Amino acid sequence: MEFRECIRSLGASGRLERRTGRLSRHLEAAAAIASAGGPVLLEDVEGAAVVSGLLASREMVAAALGVPSEGLARHLDRAMSSPVQPGRADSSPACREVVWEKQDFPRIPVLRHFPEEGGPYVTAGVMIVRDPDLGPNAAFHRLMAAGPGRFTARLVEGRGTDTAYRKARGPMPAAVCIGAPAEVLVAAAAPAPVDVDELAVANAMSPLRTAKCLFSDLVVPADCEYVLEGRLLPDQAPEGPFVDITRMLDPVRMQPVFEVDAVTSRSKPIYHSIYPGGPEHRVLMGLPRELAVLAAVSREAEAVDFRLTAAGCGWLDGVLSIRKRSDGDAAAAARAAMKAHPSMKILTVVDEDIDASDPEQVAWAVSTRLQPGRDVTVVKDAPSSSLDPSADFGGGAARGSKMILDATAKTGPGRPGSRFRRVY
């Protein structure tokens, strides 16, 4: 679904809050987004419109993709396994209704979210680059403002953009899309194989119009609100601190500089801001991982549902519901889940009668169906998440322990299944 259609749809359903008062880009607009607690359109952020929270739940994502919530996993899995290249590029795209000169760059309402952060941040930018060997890549990368037309881009080491950047050995063309269609946002967040074009994944989910950039051969979604065309330079500069999904400060790192050569936009563009650590951040970062875990577990056991919990910051703690055929299914399912999402630190496996999204039901299952001496497995010295401050970073990459809790009903002598059945 095109970005503005998402806004219109939420407005028509009464779920979009509108605020008309003038707000500053420095902390005020971010505070208004946080206080709204849901989808909100700020109509006057120093003269520009800013929207946030459009994809802040599974239901919102499903609606934007035109599928039922229970069909999300299948929909994304099908698109990832059978991507479809977009058709011919649009010669008069909506994203190029206005071409901005360099002196106009500061008009983009890049928000400062917290005083502790290193500067204002673009948080909903999808960066598109081309790997010389693997082809196009589209992924989320936060950008810290570092002066007129310059940003410091956080490239996670070893992932697609970073790999392409290291191959370039010089300035590498890049385009950052802000206010992209929902299918592009989901595809850019998904853990696609390195040789898969995320725009083709997006197009497999919903037909996508594209456009060629003005100053490079890169192709971008034609209906974006803003496109920042430029280059990732060999130069590096400090990036951070940044409040990440854990609501803690990600540290300062030396990262590549993104220099903007041109900015194009729609007429009266609407800037998309993802509030750091908020629901939209957790959904866009975590939901594709949830769906990847479901697909992986389904190859080993009968998966019912998987959720990354809010208490685990939508990233570090998960609950997996399975339909058991034997007691060994829980262990096989847990191994597949941990492999599909290596950043997960704690995994609780429950039966199909437990709602994986309900913390009270999950805690009930742990209390009544788990014996710590028998049903808790600790895996030591495993790949961990760089977002977990308790991990060991001594060797560079994060490593730590993982814990698997088998909170499924057990069978065997003295443990008839009827003892574990909930009456209500």
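Does Lys-167 count as buried, exposed or partly exposed, and at what relative accessibility? Lys-167 counts as partly exposed, at 32% relative accessibility. Here buried means under 20% relative accessible area, exposed over 50%, and partly exposed in between (1.4 Å probe, protein chains only).

## Basis

This is a predicted model, in which local features need pLDDT of at least 70, side-chain atom pairs count only at pLDDT 80 or more, and totals for chains, interfaces and linings use all residues. Residues are numbered from 1 along each chain as its sequence is written, and side-chain values use heavy atoms, with hydrogens and water left out.

## Salt bridges

The structure holds 36 salt bridges, a salt bridge being a side-chain nitrogen of Lys or Arg within 4 Å of a carboxyl oxygen of Asp or Glu. One of them joins the side chains of Glu-290 and Arg-58 (2.8 Å, N to O). Glu-290 belongs to helix α8 (residues 279-298) and Arg-58 to helix α3 (residues 58-65), so the pair ties together parts that are 232 residues apart in sequence. Helices (H or I, at least four residues) and strands (E, at least two) are DSSP runs, numbered from the N terminus. Glu-290 is buried at a relative accessible area of 7%, and Arg-58 is buried at 13%.

Lys-167 forms a salt bridge with Asp-133, with 3.0 Å between the closest N and O atoms. Asp-133 lies in the loop between β6 (126-131) and β7 (135-140), and Lys-167 in helix α5 (residues 160-168), so this pair ties together parts that are 34 residues apart in sequence. Asp-133 is exposed, with a relative accessible area of 59%. A network of salt bridges links Glu-2, Arg-4, Glu-5, Arg-8, Glu-225 and Arg-266.

Leu-214 lies in the loop between β11 (210-212) and β12 (219-221) and counts as partly exposed at 37% relative accessibility. With Val-99 and Phe-215, Leu-214 forms a nonpolar patch on the surface, with about 290 Å² of accessible area together. Such patches are made of residues with over 30% relative accessible area and no salt bridge, where like charges are joined within 9 Å and nonpolar side chains (Val, Leu, Ile, Met, Phe, Trp, Tyr) within 5 Å. Accessible areas come from the Shrake-Rupley method with a 1.4 Å probe; for residues, only the protein chains shown count as cover.

Asp-217 and Lys-212 form a salt bridge, their closest N and O atoms being 3.8 Å apart. Asp-217 counts as exposed at 57% relative accessibility, whereas Lys-212 is partly exposed at 39%.
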